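I opened my notebook to look up a few things in this model. Here is what I wrote down as I went.

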Amino acid sequence: MARKTKVLPIYVLNGPNLNLLGTREPEVYGRMTLAEIGKAVAARAKAASLGVVFRQTNHEGEMIDWLQEARTKASGVILNGAGWTHTSVALLDACRMLDRPLIEVHLSNPYKREAYRRRSFVSEVADGVICGLRAQGYLFAIDAIAALLKDRNT
Ligand code: DHK
């Protein structure tokens, strides 16, 4: 009998201050809480027969640990590095070592905002970037990872 190989979950990793979504500048980031986004993301992934590990941290070292963990435990990564996107070479270095599909997501459109948000270290190694579509962007990112995984396996 053919043995079914288990597909690893998609890691959806969220950086600093995203725990305050819902109340944090809703005109910029939308009104959904991070927990609500997590539920919608899990449902979208389930429809594609994929699992999700959804996490948030305000601690950069913890985020780096999770990205390193994703090298062997995730099938792909969706990353909203929030403020670290624009500042962190350490985040870039950890993303570079992934060797897994990586989609960078932002709720807002950084290109419509302050100049310092226009630089992204993550974009240097991301397979795709989705921004400005609020929570919907995370769902499109799930679709993108599913498509990239399909490409890799065919
Ligand atoms: C989230 C943040 O916290 C900001 O620092 C980024 C990003 C944009 C977002 O739009 O999701 O500049």
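This is a predicted model: local features need pLDDT of at least 70, side-chain atom pairs count only at pLDDT 80 or more; totals for chains, interfaces and linings use all residues.

**Entry 1: the ligand**

I started with N80, where a polar side-chain atom lies 2.9 Å from an oxygen atom of the ligand. Residues are numbered from 1 along each chain as its sequence is written, and side-chain values use heavy atoms, with hydrogens and water left out.

Next I checked H86: an N or O atom in its side chain is 2.6 Å from an oxygen atom of the ligand. S108 also has a polar side-chain atom 2.6 Å from a ligand oxygen atom. How much of the ligand does the protein bury? Taken alone the ligand exposes 310 Å², and the protein buries 98% of that (areas by the Shrake-Rupley method with a 1.4 Å probe; for residues, only the protein chains shown count as cover).

Then I listed the surroundings, taking residues with a heavy atom within 4 Å. R24, Y29, N80, A82, G83, H86, H106, L107, S108, R113 and R117 surround the ligand. I sorted this shell into three nonpolar, five polar and three charged residues.

**Entry 2: strand 1**

Five of its five residues are buried, meaning under 20% relative accessible area, with exposed over 50% and partly exposed in between (1.4 Å probe, protein chains only). I10, V12 and N14 point one way, while Y11 and L13 point the other way. My reminder: in a regular strand the side chains alternate between the two faces of the sheet.

Strand 1 runs parallel to strand 2 (residues 52–56), joined by five bridges; pairing takes at least two DSSP bridges. Here N14 stands opposite Q56. Strand 1 is also joined to strand 3 (residues 76–80) by five bridges, again parallel, and Y11 stands opposite V77 there.

**Entry 3: cysteines**

How many disulfides did my search find? Zero in the whole structure, with the cut-off at two cysteine sulfur atoms within 2.5 Å. For C95, the nearest cysteine sulfur is that of C131, 16 Å away. C95 is buried at 3% relative accessible area, whereas C131 is partly exposed at 24%.

Conventions:
A polar contact is a pair of N or O atoms within 3.5 Å; within protein, one must be able to donate a hydrogen and the other to accept it, and residues adjacent in sequence count only if both atoms are side-chain atoms. Ala, Val, Leu, Ile, Met, Phe, Trp, Tyr, Cys and Pro count as nonpolar, Asp, Glu, Lys and Arg as charged, and the others, Gly among them, as polar. Helices (H or I, at least four residues) and strands (E, at least two) are DSSP runs, numbered from the N terminus.
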